[in-house]
Amino acid sequence: MSSPSGVREFFASVPFNRFLDFELVACDERSCVVTMPVREEFRQEGGVVQGGLVAAFADTASAYAFVSSLGQDETMTGVEFKVNFLEPARLENGALEAVAQVVRRGRRLGVSEVRVSQSGRTVLTGLFTYLFKKR
């Protein structure tokens, strides 16, 4: 899936991305930028954005950093991730932005780094690993 328009169409076709209003801002074979508005229903008991949702958002950006490099007969799946929450995401601080960079793309495994920020402050940093396989 090498064309930018093909990646954008693919991204927009995913129900999860549409449900959470993810927007693909930029994407190429080594990086991806995605934004997400923060809505009231994303807050948990402590009043901050639920951490699992922020991690899922980071995973989406991370995965799309590899999507452009996939061959026609290739698919991928996540096999591991580690995130650090550096501060809470808050409704009043506006939209989240995830910036993903490929660290290494091998034949079978790929690793990327992601930084999720809100109002210029990093709320999450993570390392994600994916397995590539033939369809």
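**View 1. Contacts that reach across the sequence.** In this predicted model, 62% of the contacts in the protein chain with a separation of 6 or more join residues 24 or more positions apart; a contact means heavy atoms within 4.5 Å. Residues are numbered from 1 along each chain as its sequence is written, and side-chain values use heavy atoms, with hydrogens and water left out. Because the model is predicted, local features need pLDDT of at least 70 and side-chain atom pairs count only at pLDDT 80 or more, while totals for chains, interfaces and linings use all residues.

**View 2. The whole chain and its elements.** Three helices and six strands make up the elements of the protein chain, and from the N terminus on they run α-α-β-β-α-β-β-β-β. Helices (H or I, at least four residues) and strands (E, at least two) are DSSP runs, numbered from the N terminus. The radius of gyration is 15 Å, close to the 14 Å from the globule rule for 135 residues, so the chain is as compact as a globular protein of that length. That radius is taken over C-alpha atoms, and the rule is 2.2 Å times the number of residues to the power 0.38. Along its principal axes, the C-alpha trace spans about 45 × 25 × 25 Å.

**View 3. Inside the largest nonpolar core.** This core has 36 residues, and Val34, Phe57, Leu96 and Val116 have the most contacts inside it. A nonpolar core is a set of buried Ala, Val, Leu, Ile, Met, Phe, Trp, Tyr and Cys residues joined through side-chain atoms within 4.5 Å. Buried means under 20% relative accessible area, exposed over 50%, and partly exposed in between (1.4 Å probe, protein chains only). Elements giving two or more residues to the core include helix H1 (4-13), strand E2 (31-36) and helix H3 (51-67). H3 gives the most, with 10 residues.

**View 4. A look around Leu96.** Not counting residues up to four places away in sequence, Leu96 touches several residues, among them Val34, Val54, Phe57, Ala89, Val116 and Val123.

**View 5. Two loop residues with positive phi.** Most residues other than glycine have a negative phi. Asp21, in the loop between helix H2 (15-19) and strand E1 (23-27), has a positive phi near 60°. Ser119, in the loop between E5 and E6, has a positive phi of about 55°. Is each one exposed or partly exposed? Asp21 counts as partly exposed at 38% relative accessibility, whereas Ser119 counts as exposed at 56%.
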